[in-house]
Amino acid sequence: MKLVERNVLYVHDGPRWVNTSGEYYGFKNYIKIRDRYYYLGQKISYLMRVNKMPMNIDKKLVNLSNNEIRIIPVPAFNRPKIFYNYLKAKKIIEQCLKNYDVIIVRLPSTIGAIALKCALKINKPIIVEVVACPWDALWNYSLLGKLYAPLSFLKHRELIKISPFVMYVTTKFLQNRYPSKGASIGISDVMLTSTSDELLDIKTKRLLSLSRNMQIILCTIAAVDVPYKGQILVLKAIQFLKKQGYKLQYLIIGGGNNENLKRVAKKLDLENEVIFLGMIHHDDVFSYLDKSDIYIQPSFTEGLPRAVVEAMSRACPCIGTRVGGIPELLENECLFSKGNAKELINILHHFIENNELLVEQAKRNFIYSKSFETSALNKKRNNFYTQFLNYYFNI
């Protein structure tokens with residue numbers, strides 16, 4: 001489709017970072033997201049929170065200012081001077097919306113919720129992307145989160161209900177929690193390239209050779225300083241299985257302060273079993289998934305976790321909790337209740353002792369992941385975008 005001179009505004013909390021020279025930095029995936037929205041218009045801007053660049057700049061961040069990405073900063077209003085910052089942010093958002101032809105709001109997001117409410121009021125062409133459940137995220141975060149969860153749930157539910165075009169990353173879960181009266185579609189925001197059958201063959205040979213006398217490599221991709229990601233549960237399961245004579249190694253990939261997890265690993269005598277890889281370049285994630293025998297997503301809350309889809313695409317047998325969109329990805333025998341270490345231990349034991357089951361799940365996941373490849377999702381997404389453009393711009 002030919003690029004059109006429409007201005008597109010993407011709204012989300014972020015945050016992004018700015019250095020002393022006024023250059024904005026973020027993760028590489030924001031460039032890929034920008035490219036996706038070119039179907040809607042030629043000029044893409046981001047409206048989000050911006051923080052000062054830390055002294056030890058993350059080498060995985062890219063200079064967004066050098067990649068034709070315009071950042072419009074909004075002050076955070078979850079800090080001191082909250083009321084003043086809220087009014088300031090609201091004013092920036094309201095003024096900004098007037099200058100754009102298409103608004104993309106990603107929820108849950110405090111800034112996004114304000115923008116969505118304002119955009120609906122002035123009848124701006126808007127697409128809402130629902131990527132997670134704010135109730136689950138807040139409820140499993142902290143005591144303060146539990147207090148705010150009902151209000152956030154009701155606010156997001158009401159706004160999504162009256163939004164004319166809504167994209168969900170799940171096929172059922174988020175649609176049931178936050179239904180919309182408008183046009184909607186379920187489509188993951190994962191970005192996968194096509195993989196060859198050779199990868200499946202290599203993984204199959206590895207899985208068939210596994211035995212309890214060999215080292216079994218487990219992997220989880222998630223932030224390490226967010227308790228509801230559930231890595232501690234896996235550590236407890238490893239401790240139990242280690243006492244049963246199993247040799248396990250646990251690769252933990254994800255950014256954030258890992259001191260608490262390190263303390264738990266030390267307390268459970270797992271310092272030699274756990275490897276903290278930190279936040280690594282997205283392209284390098286796949287090489288670690290290729291080395292992994294079983295992928296585990298032990299989260300207490302999720303939308304449709306991209307990490308699970310990526311693990312499936314590398315022919316990994318996967319285990320996950322019965323939360324969010326995970327049951328839409330994995331079979332029932334691969335699921336356990338959130339926080340239930342006993343169930344996780346039983347599934348791991350069953351997997352490790354059954355090579356044929358591991359291979360069966362590897363093949364099943366590899367084939368199923370094909371439906372998430374970028375080419376397939378882009379076709380589905382662009383059909384929805386065309387429906388949106390026809391409605392607002394008669395195209």
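Me: What makes the sulfur of Cys334 too far from that of Cys318 for a bond?
Reply: The gap is 8.0 Å, and Cys318 holds the closest cysteine sulfur. A disulfide needs a pair of cysteine sulfur atoms within 2.5 Å, so Cys334 is too far away for a bond. Bear in mind that this is a predicted model, where local features need pLDDT of at least 70, side-chain atom pairs count only at pLDDT 80 or more, and totals for chains, interfaces and linings use all residues. Residues are numbered from 1 along each chain as its sequence is written, and side-chain values use heavy atoms, with hydrogens and water left out.

Me: Why is Cys219 called buried?
Reply: Buried means under 20% relative accessible area, exposed over 50%, and partly exposed in between (1.4 Å probe, protein chains only). Cys219 comes in at 0%, so it counts as buried. Cys334 is also at 0% and therefore buried.

Me: How do you know that the buried residues of helix 9 line one face?
Reply: Helix 9 covers residues 259–267, with Leu261, Val264 and Ala265 buried. Down the axis, these buried residues fall within an arc of 100 degrees, so they line one face. The arc is taken from the directions from the helix axis to the C-beta atoms. Helices are DSSP runs (H or I, at least four residues), strands likewise (E, at least two), numbered from the N terminus.

Me: What does the face turned away from the buried side of helix 9 carry?
Reply: Exposed Arg263, Lys266 and Lys267.
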